[in-house]
Amino acid sequence: MMRLNMFRIILFSFLMTILIFYISIFLSSIIFTYPERLWSSILSEEVKFAIMLSIFTATCSTLISLIVSIPVSYALSRLNFPGKTIVEGFLDIPMAVPPIGLGVMLLIFFARTPIGIFINERIIRFVFEIPGIILAQFAVISVLTIKILKESFDGINPRYERVARTFGYTELESFLYITLSAAKRNILGAALLSWTRALGEFGATVILAGATRFKTETLPIALYLNLAVADLGNVSALLCILLLIACMMQILIRKLLYRRFVI
Amino acid sequence: MITVLNLHAQRGSFSLTNISFEVQRGSIFTIIGPNGCGKTTLLECIAGLQKVASGKIIVNGIDVTTLPPEKRRIGYVPADYALFPNMTVQRNIWIAFKRSNGMGLDDLQRIIHLLQIDDLMNRNVESLSSGQKQRTAIARALAAKPNVLLLDEPCSALDPPTKEIFRREFSNMLKEIFHEFNIPVLYTTHDLLEATAIGDKIAVMNNGRIEQIGSVNEIFENPSSKFIAEFLGYNVFNGKVVSINVTSIAVDIGGIILNIKNNGSLPESVKDILVVIKPQDVALSPMKEFFKPRWKNCQCNILNGIVKRIYREGSVAKADIDVGNINLKAEISPDHLEEFNIKPGDIVFVQIRDSKVKVFPKVGGFKV
């Protein structure tokens, strides 16, 4: 049993305050809107479309992000090359730029630069299309994935790979069989965090892919569109779904990343 | 068999210089030296994990110097064992076994049995004790069927009681295993007792160089440099020859005159010398009579000293004695310590037989 003193009581008071703050805003947004319309709203075509599109795009962007981030973060963790610090710093920049700013940059690239126009018109249409959602989500989450995975690889002793090489494994095989195996929990955790972040992505998506009902309407965009027309039934349904997904992801992330799950 | 010829390597500002030795199949070659002398760098060069600037590494007649580690078939057990932490003991061993060239399941089972890890196979390596980790790491390295095995300070992670057990029991067990598998083993340590317990042959390393190679006896009886004598814990003093005749040499070490048996190895013209005395040849007694009856016919130096400190190292007791301006290290059996009741601050008689003092010319005769 923890002993209580004034300092600990103060600490707990702050903890309770922040908890009450968030619980209040979570619950009020559901209870004080139109709870009677909650179920019908969840079953509406628009919300179902938003859920499906969000899950699809977040899954695609997370997978692409993982495919790119695993080798990038491993290279940053293990290789020493001139300008490494600059590269690491550069990859942190997108985290400091607001997502809406990233969206604007992406839009300018595809709408104004010759190479961007060529890609958009001849290869894949990103502007105001579903691939644009995936690209916007990728731009926002990949730096996060790289950061998490680099820390994970940093925590794996490079000696494991070196020892594996003395058993007859090549550098690539050591990476695949030893390092990836040791990092699999963290990779899964990073994927879930990135997926959750992609699911809630709004700023970059709305600029690059637009906010068109039943076309580029992800959950956050649906929330924005329904709020714009004051459809609070749909708003509360969407909030419920977003909160539910966030809760489920937190449970999974904690179980995977922290190897414990205690209530 | 492994042969290392004139190996040079650079690691930052540290360099390995002119390393040469040969280890036969089935024998254990111990490389001993203080921390930072280059033992790990040398093993990593041999394993192919460090770049070699020049020289040759030949395994069973094949030059492997430029081969990548995966093509060398040289097993390596680092000091921290590097067991894959997310895997069981079985999985760790299986990973190595999968790449073994011609190792049968029976051989693998025998390794597991000999190293007494049969019951640990389903345990996660993180739950093992340091001794169990050590045996698992050795079993894993052997499971890859290497042509040479490198063990980098395998006892450094063990606690003192486990280290003692290792010296008493597992060193013999490992010797048997290595002889049975008939591969050369390179074993590094900074622990003298460990080196003497396991090694067939010893190389003493200092500052990136091998200072001496020899049997345990050769190294302990005839250290070839001041560094080795000091590393072995011997008393090493600068001295001056006072007089020399056919039978004895009188030397001055810090104002103390010692009579030493002249075995003819010291040229008459030499004045500046190094004097080496083993701590076990320094006898202490509270009385001025001979420590051992059989010493009665020997020429013995009897000096007055004050006990400064008494401490234990394993089963032996050691004492620092101030004799005039010099400090002598003495090794005494705990029985004698108890019998004479020697304590710090006591005045004692220090007895050193003339035949047990070694002298070397300061320049030339003894590497300084």
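Into which domains is chain B divided? In this predicted model, chain B consists of domain 1, spanning 2–228, and domain 2, spanning 233–361.

**View 1. Domain 1 and domain 2 of chain B.** The C-alpha centres of domain 1 of chain B and domain 2 of chain B are 38 Å apart.

**View 2. Crossing of helix 5 and helix 6 of chain A.** Two packed helices are described by the angle between their axes and by the distance between the axes. Helix 5 of chain A covers residues 99–112 and helix 6 of chain A covers residues 114–123; their axes come within 5 Å and cross at roughly 80°. Angles of 65 to 115 degrees count as roughly perpendicular, so helix 5 of chain A and helix 6 of chain A are roughly perpendicular to each other.

**View 3. Residues in the contact of helix 5 with helix 6 of chain A.** From helix 5 of chain A come F109(A), F110(A), A111(A) and R112(A). They meet G116(A), I117(A), I119(A) and N120(A) of helix 6 of chain A. By class, this contact holds five nonpolar residues, two polar residues and one charged residue.

**View 4. The side of chain A that touches chain B.** Here 15 residues of chain A are in contact with 17 residues of chain B. Helix 8 (158–166) and helix 9 (171–199) of chain A each supply at least two residues of this side of chain A. Helix 8 of chain A gives the most, with six residues. The side of chain A that touches chain B comprises seven nonpolar, five polar and three charged residues.

Note on methods
Residues numbered from 1 in each chain as written. Chains lettered and ligands numbered in written order. Predicted model: local features only at pLDDT ≥ 70, side-chain atom pairs only at ≥ 80, totals over all residues. Axes fitted to C-alpha atoms, helices over the stretch in contact; angles between N-to-C directions. Helix = DSSP H or I, 4+ residues; strand = E, 2+ residues; numbered from the N terminus. Parallel < 35°, antiparallel > 145°, perpendicular 65-115°, else oblique. Contact = placed C-beta atoms within 7 Å. Nonpolar A, V, L, I, M, F, W, Y, C, P; charged D, E, K, R; others polar. Domains from an automatic or database assignment.
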